[in-house]
Amino acid sequence: MDMSANSTSTTRLICNLLDEYADCLDSDSLEKWPELFLENGRYLIQSRENLEARLDGGHWMYYTSQGMMRDRVTSLRHINTFNKHYYRHLISNIKISEQDDKSFHVRSNFLVVQTDFEGKFECISAGEYRDVIIMVDGKPMFKEKLVIPDTFHTASAVVYPL
Amino acid sequence: MDMSANSTSTTRLICNLLDEYADCLDSDSLEKWPELFLENGRYLIQSRENLEARLDGGHWMYYTSQGMMRDRVTSLRHINTFNKHYYRHLISNIKISEQDDKSFHVRSNFLVVQTDFEGKFECISAGEYRDVIIMVDGKPMFKEKLVIPDTFHTASAVVYPL
Amino acid sequence: MDMSANSTSTTRLICNLLDEYADCLDSDSLEKWPELFLENGRYLIQSRENLEARLDGGHWMYYTSQGMMRDRVTSLRHINTFNKHYYRHLISNIKISEQDDKSFHVRSNFLVVQTDFEGKFECISAGEYRDVIIMVDGKPMFKEKLVIPDTFHTASAVVYPL
């Protein structure tokens, strides 16, 4: 079921959540990323090849709680070593399907552009987001975010969430 | 004339049509593509160079009925030989102009990213869509879709509709 | 403060302004570009590196009135020599924050694709727009547009506004 005409504000809140997601990654505010999820929220990256081949184990990232996402942020801030770089997300073709009045399936297309420390600029991933979003006290949160890059080949290591 | 403020649901329906168009190409559901057009709908691809030079014959694709589009799909499925690849569409800057209460001119910008079977990932085309969309029993359909890539040079053959 | 639910038409007007901005650059209607600004409007391009390093002088373009922008257009039309090329803007992730009922802070992500005269096609810049938009007699206009490319390295000279 598609959104009814009177749900303009819900549509806007959901689009805002997608933008906040992109913005915390693009502006290096990684600590905000887990806060967009439910406590038992899931964040998964699985390439299109693996998904279509039903290879359930082939995830790039597989986090099944906010705590695991916070661990990832801690690791990125203090443990992992990688070349500094920026992301820039373009999210388009957002389609919202209402499941019930507090639960939404949302799919969208994404393109991630990466700029490295020397200023080199490259499109590193395109694909699809499939999100399950829940309204909690009028605020939308991710129950699940499944990121499906069109290929597992990338010009660069994927260090941050996509 | 731009859309009036009370036409939020019409705006959403039209944006959904653009998303369905992209989605049937991106998800290899080609059979759905002709169904988005009127029976006598037109699908045209003409490069910006040719359009600006008023070279009316220089179309990459020129279909003037749903039947011609279905033929193309049959050909792609059973006759043409090409390297398997995926598309990913980013559509933005959508502008809707109401002609009358059932007819709309819609322009938007597009970027098509292609991923080939080996996983190589490339932006293959950017340009503009100029659509004429008609409401039929409350459902928007393409009367005409004119695709204008910014150049007729592409890194790859254009096999699918853009 | 985010937009209230009853401001759908304002949202649409503001998105239309962003589209008009892109369109006048993409369709080589440069003369329309200064007209989207207030008489004392500001148009600034500053790279992310310079902004984050607080290098206030490191602007690529720094115009503090409509007149300076018109000068730029005159210069581009009659004085500057450069290879002919097209832009194509993809603008997404638009976030509107209402300051008061006539004043809005709007941020968005952009990708600019350039096509040169020989047909070469390249993503030349991605980054963020930070706009201050004022409603004048029901029509939105830029009071300030700050363009922040993610890097000052580009594959090509930036001749037109981004």
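Over all chains of this predicted model, the count comes to 36 salt bridges. A salt bridge here is a side-chain nitrogen of Lys or Arg within 4 Å of a carboxyl oxygen of Asp or Glu. The general idea is simple: side chains of opposite charge can pair when their charged atoms come close.

A quick word on the ground rules. Residues are numbered from 1 along each chain as its sequence is written, and chains are lettered from A in the order in which they are written. Since the model is predicted, local features need pLDDT of at least 70, side-chain atom pairs count only at pLDDT 80 or more, totals for chains, interfaces and linings use all residues, and side-chain values use heavy atoms, with hydrogens and water left out.

**Some salt bridges**

Here are some of the pairs, with the N to O distance for each.

| Pair | Distance, N to O |
|---|---|
| Arg48(A) and Asp150(A) | 3.2 Å |
| Glu128(B) and Arg107(B) | 3.1 Å |
| Arg88(B) and Glu128(A) | 3.7 Å |
| Glu128(C) and Arg88(A) | 3.7 Å |
| Asp150(C) and Arg88(A) | 2.7 Å |

Take the pair Arg48(A) and Asp150(A), which meet in a salt bridge. They link distant parts of the chain, 102 residues apart: Arg48(A) sits in helix H2 (residues 48-52), while Asp150(A) is in the segment after strand S6 (139-149). Helices (H or I, at least four residues) and strands (E, at least two) are DSSP runs, numbered from the N terminus. Arg48(A) is buried at a relative accessible area of 6%, and Asp150(A) is buried too, at 1%. Buried means under 20% relative accessible area, exposed means over 50%, and partly exposed is in between (1.4 Å probe, protein chains only).

In chain B, Glu128(B) pairs with Arg107(B). Glu128(B) is in strand S5 and Arg107(B) is in strand S4 (residues 103-116), 21 residues apart. Glu128(B) is buried at 10%, and Arg107(B) counts as buried at 15%.

Salt bridges can also join up. Arg48(A), Glu52(A), Arg107(A), Glu128(A), Arg130(A), Asp150(A) and Arg88(B) are linked in a network.

**Where the chains meet**

What does chain A share with chain B? Here 23 residues of chain B are in contact (heavy atoms within 4.5 Å) with 27 residues of chain A. The two chains bury about 1900 Å² between them, 50% of it on carbon and sulfur atoms. Buried area is the accessible area (1.4 Å probe) that two parts lose on being put together, summed over both. Arg12(B), Arg88(B) and Phe121(B) supply 34% of the area that chain B buries against chain A, more than any other three residues. There are two salt bridges between these chains.

For chain C, 27 residues are in contact with 23 residues of chain A. Chain C and chain A bury about 1900 Å² between them, 50% of it on carbon and sulfur atoms. Arg48(C), Asn93(C) and Asp150(C) supply 28% of what chain C buries against chain A, more than any other three residues. The count between chain C and chain A is two salt bridges. Glu128(C), in strand S5 of chain C, reaches across to Arg88(A), in strand S3 (residues 85-100) of chain A. Glu128(C) is buried at 10%, and Arg88(A) is buried at 2%.

Most residues other than glycine have a negative phi. Asn93(C), however, has a positive phi near 55 degrees. Asn93(C) lies in strand S3 of chain C and counts as buried, at 5% relative accessibility. Asp28(C) also has a positive phi, of about 55 degrees, although it is not a glycine. Asp28(C) is found in the loop between H1 and strand S1 (37-46) of chain C, and is partly exposed at 37%.

**A buried glutamine**

Gln66(A) is in helix H3 (residues 66-78) of chain A. Is Gln66(A) buried or exposed? Gln66(A) is buried, with a relative accessible area of 7%. Leaving aside neighbours within four places in sequence, Gln66(A) is in contact with residues including Pro34(A), Phe37(A) and Leu38(A).
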